[in-house]
Amino acid sequence: MHVRAGAAAAAAFMGAAGLLLPTSAAEAASYADNLMVVAHRGASAYAPENTLAAVDRADEMGFSWVENDVQRTKDGALVVVHDATLARTTDVEQVFPDRAPWNVRDFTVAEIARLDAGSWFDTRYAGARVPTLEQYMRRLSRNHQKLVLEIKNPQLYPGIEEQTLKVLANEGWLTPPHLRDRLVVQSFSPDTVRRVHELSPGVKTGYLGTPDIADLPEYAAFADQINSSYTTISPSYVATIHAFEGPHGKPLEMLTWTVNDAENARRVVQYGVDGIITNKPDVVEEATRD
């Protein structure tokens, strides 16, 4: 049972008052100093989400960690896009008006490459494309960035876990330096997170959600992180997460999402979270480094 022995675990389970907030200003400052700020879908408040432009914008702003979403095309290519449909973030309805509901899995990678994935956000980004995962990884490597990769809608794409890991391996992202501190693979599907851990035990993994405390021993067997919405967490829940050890023998971590304002950024830092996933990394950085 992946739980650290002693008072910390017991206090976390009981929601002890002493764990509700940092015990001192110094402790709160320590949380902020070690905070991982992750640019959600790239710097998506400032450039079209999940595009290379958003990755570059995060890099220009000085943020090394970015998050993305991976899905699969009709002909088996992996592309970086959030929604199951292309309608919200591309001009697919104009280019292919008779192909509703415009699901990613119903289009080939060549068809998707024709789409404008930037104009919806701002005309300055007209012509931005939906990148393949290979293109995305190469841009991160060029920028010396780090990645929290989300396998999206895995129930639609059997075998996407193996395929994603193969691309990461081919692009040089499963080497010891990358596995040590440059890559996290996460999903809302516990089966997918478990599968990634089984296929490549060295990969750091994250489960997206807020599991019941009683279920945490099961998750700790295959997930290094429990990454929860900031609206669902409390100081005692974060402390409980930290009381467990993950599959690599280290305390479970928590990245919380999607925090875009200073007040909530400061609040979750006081909870003791390990990182914040945000559309506005500059806002979070400024708020938590005061």
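This is a predicted model: local features need pLDDT of at least 70, side-chain atom pairs count only at pLDDT 80 or more; totals for chains, interfaces and linings use all residues.
User: What makes α3 roughly parallel to α6?

Analyst: The axes of helix α3 (residues 52–60) and helix α6 (residues 133–143) cross at roughly 15°. Angles under 35 degrees count as roughly parallel, so α3 is roughly parallel to α6. The two axes also come within 10 Å, and α3 passes α6 in a right-handed crossing.

User: Which residues make that contact?

Analyst: On α3 they are L52, V55, D56 and D59, and on α6 they are Q135, Y136, R139, L140, R142 and N143. Four of these residues are nonpolar, two polar and four charged.

User: Why is the pair D69 and R41 called a salt bridge?

Analyst: Their closest N and O atoms are 3.8 Å apart, and the cut-off is within 4 Å, so the pair counts as a salt bridge. D69 lies in strand β2 and R41 in the loop between β1 and α3, so the pair ties together parts that are 28 residues apart in sequence. Both belong to a network of salt bridges that also links E49, D83 and R88.

User: How do you know whether D69 and R41 are buried or exposed?

Analyst: Buried means under 20% relative accessible area. D69 has 0%, so D69 is buried; R41 has 14%, so R41 is buried too.

Methods
Residues are numbered from 1 along each chain as its sequence is written. Side-chain values use heavy atoms; hydrogens and water are left out. Axes are lines fitted to C-alpha atoms, for helices over the stretch in contact, and angles run from 0 to 180 degrees between N-to-C directions. Helices (H or I, at least four residues) and strands (E, at least two) are DSSP runs, numbered from the N terminus. Angles under 35 degrees count as roughly parallel, over 145 as roughly antiparallel, 65 to 115 as roughly perpendicular and the rest as oblique. A crossing is left-handed if the near helix is turned anticlockwise from the far one by less than a right angle, and right-handed if clockwise. Contact means heavy atoms within 4.5 Å. Ala, Val, Leu, Ile, Met, Phe, Trp, Tyr, Cys and Pro count as nonpolar, Asp, Glu, Lys and Arg as charged, and the others, Gly among them, as polar. A salt bridge is a side-chain nitrogen of Lys or Arg within 4 Å of a carboxyl oxygen of Asp or Glu. Buried means under 20% relative accessible area, exposed over 50%, partly exposed in between (1.4 Å probe, protein chains only).
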